[in-house]
Each structure stands twice: as C-alpha cells, then as structure tokens.
Amino acid sequence: SFVSLRQRILSAVQKNATRGDPRSVIRAIDQFCSQKEWAMNVGNEKGCILDSVVSEVNPATVLELGTYCGYSTVRIASLLPPYAKFITLEFNPDFAAVARQVIAWAGLEDKVKIKPCLVEGASSDWIPKIKEQFGIKTFDLVFLDHWKEHYLSDTKLMEECGLLRKGSVLLADNVICPGAPDYVEYVRSSPRYKSHYFRSHLEYTKAEENLWYLGIIE
Ligand SMILES: O=C(NC/C=C/[C@H]1O[C@@H](n2cnc3c(NCCO)ncnc32)[C@H](O)[C@@H]1O)c1cc(-c2ccc(F)cc2)cc(O)c1O
Ligand SMILES: [Mg+2]
C-alpha cells in the first residue's frame, strides 16, 4: 500500500536513529531528506542558526507554530533547560501522529530534558487559549514555520492576546521562499520590532533563504 512521505521520514528515524538520542534523530531526517526525498524540515543549515538563537535566548517559554514531523521540535527541545515550557501547535492529525513518534524516539519524553507539549489544533483557535490552558504569561521565543499566509494574522493574534512582551523573540522560517511578504512589510514598518536576517539556504538546496529574527523592543 502507499506509504506517505511522513511515514518514510518516521521509518528513517526508527531505522537509523538511536532511541533517546535527539541529535541522531536530526541526523537521520537530514540524511533522508538530502539523499532520498526533499521535505520541508527547517534542515541543518538553518537548524544551526535556530540552535544558536535558542541557546542565546535560553527561553523558559517557547511556542512553535507548525510541528510538521517534529524535526525543529526535537532541535529546540533538546536545547531547553528542564524547567522550560514548550508548546508546539499542529492541526494536521497525520503530521501530529508522526511528530509524536519522532519526539518519543528522541527520548524527550523521559529525559530530564523537557517534553514538548504537542497540541493538535489550529493556531488561530489555540493562541487565545494558551494563557489559561497552560499557565503561560508570555513567550520568550516563538518559531513560525506553519502556513506562510498565517504568519501575520497569528503574530497580530499573539500581540492581542498579550503573549508577547518587550524582549520576546520571534524567529520566522521561509520569509523569502515560499515567502511571507505581508508579514515582512508589517514588521519592518512597525516601531515595535527590531528585525534581523540570518542569511542561509532553503533546506537541502542551494537556493537563497533567510531565517528572520525579530526582537520585540517595546
Ligand atoms: O509551506 C511550508 N511550510 C508550511 C508548514 C505547514 C505545517 O504546519 C501545519 N500548519 C499550518 N497552518 C497551521 C495552523 N494554523 C493555520 C491557521 O490557523 N495551526 C497549526 N498547524 C498549522 C501544517 O499542517 C504543516 O504541518 C514550507 C514550504 C517550503 C517550500 C519551499 C520551496 C518549495 F519549492 C516548496 C516548499 C519550505 C519550508 O521550510 C516550509 O516551511
Ligand atoms: Mg519552513
């Protein structure tokens, strides 16, 4: 029967990665996607930039929009302090199911490392409920990697719900390719944000891409 790409990614993890070793899970997915089939994980080049931002911000609270297969979820979670709270939102049940197994294989469940909380649902539904449901006041770091046409509406929603504070950092994937032009326009013209591009390449390719770092300054 037909085996979906997400299932082939999961199989590659279960076959090639060591249980309980997040770095081997990341390596297994990157090897599969660079040697066998492209997939829209943030990848290793942008992943190293993501790692450096997570390490520098050292966030106590993190929100990820768009879990997909859990690649960036594992990357981020493996760098967080044990007390950190990490919410990742995914509204496609099939992707959520694969991501749960990838996260479990990385052993982030039982390790002292934090267990990312994968919430199956739409960001537009869940962002307004996060404060009450998870006892989170504001996010120190938000990683945007879901549908690009929702970057702007979800950022405005996070602002309206009081989830962002002075010093919060938003890190957005794919502002060039596929692109999020309305989002770029809004944030660049807003006095609230200080923005910075990390030049990189589209995952597993040589195409120009950026990770866009946004610091909230007021
Ligand atoms: O399209 C890309 N990413 C989308 C990710 C979607 C994931 O996020 C989930 N999702 C979406 N919206 C929401 C939502 N909320 C929505 C409204 O509430 N709430 C919760 N979950 C959501 C989906 O179910 C997926 O799991 C992309 C493309 C290329 C690309 C580049 C070049 C090419 F040629 C082709 C492709 C490269 C990349 O790095 C990319 O990230
Ligand atoms: Mg992406």
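How do strand 6 and strand 7 pair, and over how many bridges? Strand 6 (residues 193–201) and strand 7 pair in the antiparallel sense over nine bridges; two strands count as paired if DSSP finds at least two bridges between them. This is a predicted model, in which local features need pLDDT of at least 70 and side-chain atom pairs count only at pLDDT 80 or more, while totals for chains, interfaces and linings use all residues. Residues are numbered from 1 along each chain as its sequence is written, chains are lettered from A and ligands numbered from 1 in the order in which they are written, and side-chain values use heavy atoms, with hydrogens and water left out. Helices (H or I, at least four residues) and strands (E, at least two) are DSSP runs, numbered from the N terminus.

**Strand 7 and its partners**

- Eight of the nine residues of strand 7 (residues 208–216) are buried, so the strand is largely enclosed by the rest of the structure. Buried means under 20% relative accessible area, exposed over 50%, and partly exposed in between (1.4 Å probe, protein chains only).
- Strand 5 (residues 169–173) runs antiparallel to strand 7 and is joined to it by five bridges.
- Leu-171 has Tyr-213 of strand 7 as its bridge partner, and Phe-198 has Leu-211 of strand 7.
- The hairpin of strand 6 and strand 7 has six residues between the strands. Tyr-204, in this loop, is partly exposed, with a relative accessible area of 24%.

**Nonpolar cores**

- The largest nonpolar core has 43 residues, of which Ile-9, Val-25, Ile-29, Ile-76 and Leu-80 touch the most other members. Such a core is a set of buried Ala, Val, Leu, Ile, Met, Phe, Trp, Tyr and Cys residues joined through side-chain atoms within 4.5 Å.
- Elements giving two or more residues to this core include helix 1 (5–16), helix 2 (22–35), helix 3 (43–57), strand 5 and strand 7.
- A second, separate core of 30 residues includes Leu-89, Val-119, Ala-180 and Val-184.
- Not counting residues up to four places away in sequence, Ile-76 touches Leu-50, Val-54, Val-62, Glu-64, Phe-86 and Phe-143; contact means heavy atoms within 4.5 Å.

**Packing of helices**

- The axes of helix 1 and helix 2 come within 9 Å and cross at roughly 130 degrees. Axes are lines fitted to C-alpha atoms, for helices over the stretch in contact, and angles run from 0 to 180 degrees between N-to-C directions.
- That makes helix 1 oblique to helix 2, given that angles under 35 degrees count as roughly parallel, over 145 as roughly antiparallel, 65 to 115 as roughly perpendicular and the rest as oblique.
- Among the residues making the contact are Ile-9, Ala-12 and Val-13 of helix 1 and Val-25, Ile-29 and Phe-32 of helix 2.
- Seven of the ten residues of helix 8 (residues 151–160) are buried, so helix 8 is largely enclosed by the rest of the structure. Its buried residues pack against elements including strand 1 (61–65), helix 10 (181–189) and strand 6.

**Backbone features**

- Most residues other than glycine have a negative phi, and most peptide bonds are trans.
- Tyr-204 has a positive phi near 60 degrees.
- Asn-174, in the loop between strand 5 and helix 9, has a positive phi of about 65 degrees and is buried, with a relative accessible area of 4%.
- The peptide bond from Cys-177 to Pro-178 is cis, with omega near 10 degrees; Pro-178 is found in helix 9 (residues 175–179).
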